[in-house]
Amino acid sequence: MLPHRWTLRPVNDHDAVTRLSYQLNRLPMALARTLVARGIHTFDEAKHYFRDGLPALHDPFLMQDMEAAVERVTKAIDQGERVLVYGDYDVDGTTSTAMMVSFLRAQGLDPAFFVPNRFVHGYGLSEAGIDQAVEAGATLIVALDCGITAHEAALYAKAKGIDLVICDHHTAGETIPEAVAVLDPKRPDCGYPFDGLSGCGVGFKLIQAVLQRQGRDLDEAWPYLDLVAVSTASDIVPLRDENRVLMRAGLERLRQTQRPGLLRLAEQARVDLATASTSSIVFNLGPRINAAGRLDDATLAVDLLIENDSWKAKLLAEELEALNQQRRTLDTDTRTVALAEAERFMAADPKALVLYGADWHPGVIGITASRVAEHFHRPTVLLTSYGETNGHVKGSARSVKGINVYNALHSCADLLERFGGHAFAAGLALDKTHIPELRARLSDAIEGAIQPEQLEPEIELDAPLDLSEVDGHGGKFWRVLQQFGPFGPANRKPIFWGRDLRVVGQPSTCGADRQHLRMRVAQREGGRAMSVIGFGLAERLPDVLQSARRGRPLELAFCVEDNTWNGRTTLQLRAKDVRLGGEATA
């Protein structure tokens with residue numbers, strides 16, 4: 001595990017911390033500081049943060065081209081046209097497709113859908129997919145989670161006499177495809193107040209706008225929020241502004257969902273939907289939906305999500321589970337090789353890692369790139385020639401906090417046949433002979449765009465916390481802390497800084513591979529001792545033992561979480577890092 005920099009998130013207005021604590025009925029100071037560090041300085045801002053509901057959603061007609069999109073979709077509904085919903089093969093794309101198909105069915109249409117096969121069609125809008133629309137007799141394609149750079153495909157659709165409405169959230173190029181409407185809050189000319197929506201989120205805004213234009217009750221849009229929640233959590237979009245509203249409402253909908261596909265999927269994943277969270281989506285539901293597009297055909301995932309028969313949904317969920325098990329095996333094997341390869345390159349201290357494996361499965365290289373990037377704290381590109389011909393390779397790029405891998409790839413565009421994505425994730429294709437030059441130029445591009453410390457892993461601490469403020473599972477601290485959720489990018493679970501801690505009892509390692517750290521700590525003589533679990537922190541045990549033997553203070557970067565054991569729920573500290581002495585950087 002690489003050493004981490006501990007950084008205390010800055011607070012410029014310390015009076016705001018005291019003021020918020022008082023205004024929020026003597027809120028513990030650590031939580032008040034956490035709010036201010038997140039840009040929340042006033043009572044009204046705190047109220048919006050904790051209480052914003054669906055009425056706080058932005059007007060969908062603020063999005064560029066929404067008028068044209070609504071007009072065309074409404075015309076299709078009124079005239080009973082044949083519509084083809086065109087999605088992508090990841091979680092965002094398949095949930096988007098299922099949502100739009102379900103909505104159009106509810107409007108009395110019989111839509112077809114097409115999700116490209118990763119191995120046959122590649123990513124995004126393609127002539128093959130448009131040909132499917134022609135065969136289906138479609139006069140309108142609604143494309144979701146793709147299309148913002150599909151200039152040639154848009155022209156092909158026009159030549160075939162098919163109108164095109166694009167709902168995307170990826171970074172736009174210098175020009176916009178020629179379509180009836182292109183909805184993308186990242187368009188340079190789009191004045192929408194929030195540009196962090198998922199592809200499914202953009203599609204939801206279209207549904208919201210259609211219902212609004214028809215004068216219908218917007219309550220008709222809310223049943224689709226379970227799918228929006230699965231998309232938003234899985235696509236790692238920022239959980240702030242409108243996404244926070246959608247995610248909170250979407251989790252509530254997911255916890256009560258009657259959608260057979262999600263219910264059966266949760267059974268396979270052993271997830272209790274009644275307590276579903278962003279974590280259970282990211283680590284349990286999302287990977288199973290993704291497995292279809294990674295190893296087979298994502299049509300299977302859409303079929304599951306739109307299936308109304310519980311028995312059929314059970315069979316589809318079992319198919320997805322089998323694919324997910326295959327995916328996990330491939331992921332483990334690929335990760336082992338990729339980490340060893342990355343270790344070899346790290347000797348030269350590159351600012352980015354570009355790794356190639358001829359037989360790496362394209363369905364898992366994105367996952368593995370994320371693992372390698374996290375392990376070495378370097379933007380990482382994994383490339384494979386699996387299934388490719390004529391010396392071509394394709395791959396996935398993943399980045400780390402503060403480093404825009406899309407911009408770095410853009411500086412190497414002359415080496416690439418195609419690429420697309422956003423700051424933290426991208427896809428690309430190139431000739432195999434260009435790999436060495438890409439490796440050198442990508443590293444140079446990143447080095448020129450960042451400060452050296454950005455290549456050191458960092459733990460951002462929200463506030464120092466005295467353990468006496470943690471007043472138990474039913475106490476005020478825990479009740480308010482829960483309201484900071486839902487958690488995700490741009491709204492991470494608060495991490496606190498425990499200082500002057502002493503070890504109580506005998507610390508140990510635990511877990512099947514003894515990689516985890518377990519101990520109890522207290523802050524002062526006679527203070528309440530709390531349990532600590534540190535996953536993957538077994539290597540910190542020597543520091544902990546030194547603290548215990550020599551009485552040297554211990555410091556802890558930790559989250560507070562609940563832990564249920566033998567029917568009893570208590571609070572525990574989940575360690576992110578442990579160290580002796582030292583100071584966090586303010």
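The model is predicted, so local features need pLDDT of at least 70, side-chain atom pairs count only at pLDDT 80 or more, and totals for chains, interfaces and linings use all residues. Residues are numbered from 1 along each chain as its sequence is written, and side-chain values use heavy atoms, with hydrogens and water left out.

Let's start with the helices. Two packed helices are described by the angle between their axes and the distance between the axes. Helix α12 (residues 278-295) packs against helix α14 (residues 310-346) at about 75°, and their axes are 8 Å apart. That makes α12 roughly perpendicular to α14, a term for angles of 65 to 115 degrees. Contact here means heavy atoms within 4.5 Å. On the α12 side, the residues in contact include Pro287, Ile289 and Arg294, while Leu320, Glu321 and Asn324 are among those of α14.

Now follow the chain to two residues with a positive phi. Ile236, in the loop between α9 (225-234) and α10 (241-255), has a phi of about 55° although it is not a glycine. Ile236 is partly exposed, with a relative accessible area of 47%; partly exposed lies between buried (under 20%) and exposed (over 50%), using a 1.4 Å probe and protein chains only. His377 sits in the loop between α15 (365-376) and β8 (380-384), and its phi is also positive, about 55°, although it is not a glycine. His377 is buried, at 12% relative accessible area.

Finally, look at the loop between α18 (476-482) and β14 (496-510), where you will find Pro486. A cis peptide bond joins Gly485 to Pro486, with omega about 5°.

Note on methods:
Axes are lines fitted to C-alpha atoms, for helices over the stretch in contact, and angles run from 0 to 180 degrees between N-to-C directions. Helices (H or I, at least four residues) and strands (E, at least two) are DSSP runs, numbered from the N terminus. Angles under 35 degrees count as roughly parallel, over 145 as roughly antiparallel, 65 to 115 as roughly perpendicular and the rest as oblique.
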